[in-house]
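Please keep the sequence and the 3D view at hand as you read.

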Amino acid sequence: QVVGMVVVLGATYRATSVVPVLRRTGSFDREMGISVPKIDGRIEILQIHTRGMPIGKDVDLKKLASELHGYTGADIKSLCRESAIKAIRRYLPKIDLENKRISSKILQSMEIQLCDLSDAMHEIVPTAMREFYVERAKILWKDVGGLS
C-alpha cells in the first residue's frame, strides 16, 4: 500500500485577502512572501523577456526599468509582448499581404523601438500600483521646477 503526500501551493499578491483560517498556524507549513521586483530585478526580467527580440538602438533597458515602478515579472512579460505586437502593427503597411512571403528586407529591418514600449506602457497597468506597493522614485529637489 502506497501512501502519497499531498502538496498544496497557493499564490496571491493580496495575502491579506486570504481567509484568516487558512493563514493560521497548522493550515500550511510555510508562507513565503515574494515582493515586487526592485530596479535590479526589473532589469534582469527585461533582459530575459527581450532576449530573442530585435531591440532598437534607442531602447535603454536600464532606463526603461527605472520607469517600471510597480510592475511585476508578469507585467513586464506582458509589456514586452504588447510592444512586439505594436512593432508589428507599425510594419504592416510595408508588408504586401497578397504575397505569401514577407520580404527578407522587411524582416531584417523589423525592431522594437522605444515608442512601441512607451505605447505598451499605457496599456499594461502595473499590478502592484493598483493597490499596495509604493517604491520611492529617484527624484531630487533639484529636479522639481519652480522652487527658486
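Leaving out residues up to four places away in sequence, His49 touches Gly73, Lys77 and Cys80, where contact means heavy atoms within 4.5 Å. Before going further, note that this is a predicted model, in which local features need pLDDT of at least 70, side-chain atom pairs count only at pLDDT 80 or more, and totals for chains, interfaces and linings use all residues. Residues are numbered from 1 along each chain as its sequence is written, and side-chain values use heavy atoms, with hydrogens and water left out.

His49 lies in helix α2; helices here are DSSP runs (H or I, at least four residues), numbered from the N terminus. With a relative accessible area of 29%, His49 is partly exposed. On this scale, buried means under 20% relative accessible area, exposed means over 50%, and partly exposed is in between, using a 1.4 Å probe and protein chains only. His49 and Gly73 are 24 residues apart along the chain, and their C-alpha atoms are separated by 9.5 Å.

Thr50 belongs to the loop between α2 and α3 (61–66). Thr50 counts as buried, at 8% relative accessibility. Not counting residues up to four places away in sequence, Thr50 touches Ile55, Leu61 and Cys80.

**How α2 meets α4**

Helix α2 (residues 39–49) and α4 have axes that come within 10 Å and cross at roughly 40°. The axes are lines fitted to C-alpha atoms, for helices over the stretch in contact, and angles run from 0 to 180 degrees between N-to-C directions. The two helices are therefore oblique to each other: angles under 35 degrees count as roughly parallel, over 145 as roughly antiparallel, 65 to 115 as roughly perpendicular, and the rest as oblique. The crossing of α2 and α4 is right-handed, meaning that the near helix is turned clockwise from the far one by less than a right angle.

On the α2 side the contact is made by Arg42, Ile45, Leu46 and His49, and on the α4 side by Gly73, Ile76, Lys77 and Cys80. By class, this contact of α2 with α4 has four nonpolar, two polar and two charged residues. In this scheme Ala, Val, Leu, Ile, Met, Phe, Trp, Tyr, Cys and Pro are nonpolar, Asp, Glu, Lys and Arg are charged, and the others, Gly among them, are polar.

**How α4 meets α6**

What is the crossing angle of α4 and α6? The axes of helix α4 (residues 73–91) and helix α6 (residues 114–123) cross at roughly 125° and come within 8 Å. That makes α4 oblique to α6. The crossing of α4 and α6 is right-handed.

From α4, Leu79, Glu82, Ser83, Lys86, Ala87 and Arg90 meet Cys115, Asp116, Leu117, Asp119, Ala120, Met121 and Glu123 of α6. The contact of α4 with α6 has six nonpolar, one polar and six charged residues by class.

**The two cysteines**

A disulfide is a covalent bond between the sulfur atoms of two cysteines. The structure holds zero disulfides, counting a pair of cysteine sulfur atoms within 2.5 Å as one. Cys80 is in no disulfide, and the nearest cysteine sulfur, that of Cys115, is 15 Å away.

**Burial and loops**

The table gathers accessibility for some residues of interest.

| Residue | Relative accessible area | Class |
|---|---|---|
| Cys80 | 1% | buried |
| Ile95 | 13% | buried |
| Cys115 | 34% | partly exposed |
| Glu67 | 39% | partly exposed |

Glu67 is found in the loop between α3 and α4. Its C-alpha atom and that of Cys115, 48 residues apart along the chain, are separated by 14 Å.

Ile95 sits in the loop between α4 and α5 (104–109). Leaving aside neighbours within four places in sequence, Ile95 is in contact with Ile102, Ile106 and Met110. Ile95 and Ala137, 42 residues apart in sequence, are 41 Å apart in space, C-alpha to C-alpha.
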